[in-house]
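Okay everyone, thanks for coming.

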Amino acid sequence: MMDALADFQRRKLLVALLEHNPQDDAPVVIADSESESDAVERLVSMHHVHLPKLADYGFIEWNKDTHEVIKGPKFDEIRPLLELLDNHEDELPADWL
């Protein structure tokens, strides 16, 4: 679980899924201010590193064809840590969530 939470992008995605209501039509979007080259690098690393890793852990299910990410079968195992991070976001360093 700690490896899954070790990266900023993975933490942001998992916390976003924690709060995401599948009944909403709006997709989960993780946005921050960055240059175009940084955005491309982030997308490449999400596709080739972060999403496969989280899917391997079972925390997410990732449909590569539709680019859809949903909670995986083991999401509830990491939920307490995500809730702890989310509930104490104001006490964490600025780049944590």
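I'll start with the overall layout and then get to the charged side chains.

First, a heads-up: what you're looking at is a predicted model. The protein chain has four helices and two strands, and from the N terminus they go α-α-α-β-β-α. There are 97 residues in the chain, and 27% of them count as buried. The accessible surface is about 6,500 Å², with 51% of that belonging to carbon and sulfur atoms. As for contacts between residues at least 6 apart in sequence, 54% join residues at least 24 apart.

Okay, charges. How many salt bridges does a search of the whole structure find? It turns up two.

One pairs Asp-3 with Lys-53, and the closest N and O atoms there are 3.2 Å apart. Asp-3 sits in helix 1 and Lys-53 in helix 3, so this pair ties together parts that are 50 residues apart in sequence. Asp-3 is partly exposed at 35% relative accessible area, and Lys-53 is partly exposed too, at 27%.

The other joins Arg-79 and Asp-76, at 3.0 Å from N to O. These two are three residues apart in helix 4, residues 75-87, so about one helical turn separates them.

Glu-19 is in helix 2, which covers residues 8-19.

That's my bit, over to you.

Notes. Residues are numbered from 1 along each chain as its sequence is written. This is a predicted model: local features need pLDDT of at least 70, side-chain atom pairs count only at pLDDT 80 or more; totals for chains, interfaces and linings use all residues. Side-chain values use heavy atoms; hydrogens and water are left out. Buried means under 20% relative accessible area, exposed over 50%, partly exposed in between (1.4 Å probe, protein chains only). Contact means heavy atoms within 4.5 Å. Accessible areas come from the Shrake-Rupley method with a 1.4 Å probe; for residues, only the protein chains shown count as cover. A salt bridge is a side-chain nitrogen of Lys or Arg within 4 Å of a carboxyl oxygen of Asp or Glu.
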